[in-house]
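Reader: I have a structure I would like to go through with you. Could you take my questions one by one?

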Amino acid sequence: MADVAQPPLHPLDHNHEHDHDHDHDHNHDHDHDHDHDHDHGHDHSHHEHGVVGHPHYHDHDHQHENDRGREEVYAQAFERPAKSSYDLLETRNRRKDTEDPEVLEYFKAKALFAKGYELASKIPDETDDETLRKYEKDIFESTKYLVEAFLIDEKATEMSQRIMSLAQQYEKLLKLQYGGDETETTRDFGKASTFEELEEEIKGEQEERRKALAKKGEEPDTLEPEFTRESLILVIWLLFNGKQFQFCIQTLSIALNQLEASLHPRLLHLRASCYLANGDYKLCLKDLERLVSINPNFVDAYSIQGSIHMQQDHREEAILAFKAYIERANKDSISYAHALYALSVLTIQNATATATSS
């Protein structure tokens, strides 16, 4: 079969330098799992922007190509569309020019985040009982706004030291409300002073809990009802932001068992993204299938499915996924152009394969 140019996952969503005016955001944290003793004169985290070349293969290391594919599909979940792409619309007073529901959701989440963060900024950082009681309403209210923002669109949120300390205040306030000694459901993260320390505490606690439940013969994705909705989402947010995907998957599984059904599509989307980041395409696709069975109009799922199948050279499955996306997505979406291009490439590949076999 003749070589056919492969599309970048999102040709309109790379933050490379262009001759025209763009606001750039280079805060990409790609996980590179490959270890090479050789030196290539090109960057494997992105395709070249502009003319798309033919796919190239390295005889010396097939794993290298697999890792590159994994990074590209990983970008599908975590960097599409770029946060600055939406903010640029507002900067140029063109926000009303689009009817893309993803843009509307982003700015809705951004407004909630700003509201929650502003309220949190007015609360002293202290965690003594008197301060927590005095600002109880504000702590709960700001936490609710921030959690809702993350549930709508994590790209509209930004983890910070203040939010981490707010999470500590929230957990201690729950402890005060329920009374008694610290339990599994009312955690005290007071010892943590950095994101890394907090993530390690959460990971350690989850591992201890998993072992304790295993000894009792209980499933690790069950939790006492006192563990609040906000508590779970805060932990998910912290783990997701810190790229602690395996532990995030465990917490998302708990949330799927404990939280209201209306949140399941979003929770499945987050868990699928975690599976994707870990390179577990099978479980990622399984969660995406479950997601669209609950909400067939969750268009993001079809785009991710198409990209995974395309990377794995499952052309027929990729074609079906991209067609489903095109049928449902808004034409203003950044991903729409990618889906059209990917579908045209897949169609050409199929035609070429048919002609070659004939």
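Reader: How many residues of H10 are buried?
Author: H10 is mostly covered, with 14 of its 14 residues buried. Please keep in mind that this is a predicted model.

Reader: What does H10 span from its first C-alpha to its last?
Author: Helix H10 covers residues 264-277 and reaches 20 Å from its first C-alpha to its last, close to the 20 Å expected at 1.5 Å a residue. Gly-279 follows H10 and has a positive phi, near 80 degrees.

Reader: Which elements does the protein have overall?
Author: The protein has 14 helices and zero strands. Of its 358 residues, 49% count as buried. Among contacts between residues at least 6 apart in sequence, 67% join residues at least 24 apart.

Reader: Let us turn to the core. Which residues have the most contacts inside the largest nonpolar core?
Author: Those are Ile-236 and Leu-267, in a core of 79 residues. Helix H8, residues 229-241, supplies the largest share of this core, nine residues.

Reader: What is Ile-236 in contact with, leaving aside its neighbours within four places in sequence?
Author: Ile-236 is then in contact with Phe-150, Cys-248, Thr-251, Leu-252, Ala-255, Leu-267 and Leu-270.

Reader: Phe-150 is an aromatic residue. Which cluster is it part of?
Author: Phe-150, Trp-237, Phe-240 and Phe-245 form one aromatic cluster. The charged end of Arg-266 also sits over the ring of Phe-150, 5.8 Å from its centre.

Reader: And how many aromatic pairs does the structure hold?
Author: The structure holds seven aromatic pairs. In one of them, the rings of Tyr-106 and Phe-107 have centres 5.1 Å apart and planes at 80 degrees, so the pair is edge-to-face. Tyr-106 counts as buried because its relative accessibility is 0%, and Phe-107 likewise counts as buried, at 5%.
Author: Phe-150 and Phe-240 form another edge-to-face aromatic pair, at 6.4 Å centre to centre and with 70 degrees between the planes. This pair links distant parts of the chain, with Phe-150 in helix H5 and Phe-240 in helix H8, 90 residues apart. Both Phe-150 and Phe-240 are buried.

Reader: What sits over the ring of Phe-107?
Author: The charged end of Arg-95 does, 4.0 Å from the centre of that ring.

Reader: I would like to stay with H5. Is Thr-143 buried or exposed?
Author: Thr-143, which lies in helix H5 (residues 136-152), is buried because its relative accessible area is 1%, below the 20% cut-off. Its side chain reaches the backbone oxygen of Ile-139 at 2.7 Å. Not counting residues up to four places away in sequence, Thr-143 touches Leu-166, Tyr-170, Glu-230 and Leu-234.

Reader: What does the side chain of Ser-142 reach?
Author: The side chain of Ser-142 reaches the backbone oxygen of Ile-139 at 3.2 Å. Ser-142 has its place in helix H5 and is buried, with a relative accessible area of 0%. Leaving aside neighbours within four places in sequence, Ser-142 is in contact with Gly-116, Leu-119, Ala-120, Ile-123 and Leu-166.

Reader: What caps the N-terminal end of H14?
Author: Ser-333 does: one of its side-chain oxygens lies 3.2 Å from the backbone nitrogen of Ser-335.

Reader: Which residues of H14 are buried?
Author: The buried residues are Ile-334, Ser-335, Tyr-336, His-338, Ala-339, Ala-342, Leu-343, Val-345, Leu-346, Gln-349 and Asn-350. As background, an α-helix has 3.6 residues a turn, so residues three or four places apart point the same way.

Reader: Finally, where is Ile-308 found?
Author: Ile-308 is found in helix H12, residues 299-311. Ile-308 counts as buried, at 0% relative accessibility. The C-alpha atoms of Ile-308 and Cys-284 are separated by 9.3 Å, and the two residues are 24 residues apart along the chain.

Definitions and conventions:
Residues numbered from 1 in each chain as written. Heavy atoms only, no water. Core = buried A, V, L, I, M, F, W, Y, C linked by side-chain atoms within 4.5 Å. Buried < 20%, exposed > 50% of the residue type's maximum accessible area, 1.4 Å probe, protein only. Helix = DSSP H or I, 4+ residues; strand = E, 2+ residues; numbered from the N terminus. Contact = heavy atoms within 4.5 Å. Polar contact = N/O pair within 3.5 Å; in protein donor to acceptor, adjacent residues only side chain to side chain. Phe/Tyr/Trp six-rings, centres within 6.5 Å; stacked < 30°, edge-to-face > 60°. Lys NZ or Arg CZ within 6 Å of the ring centre and 35° of its normal. Expected span 1.5 Å × (residues − 1).
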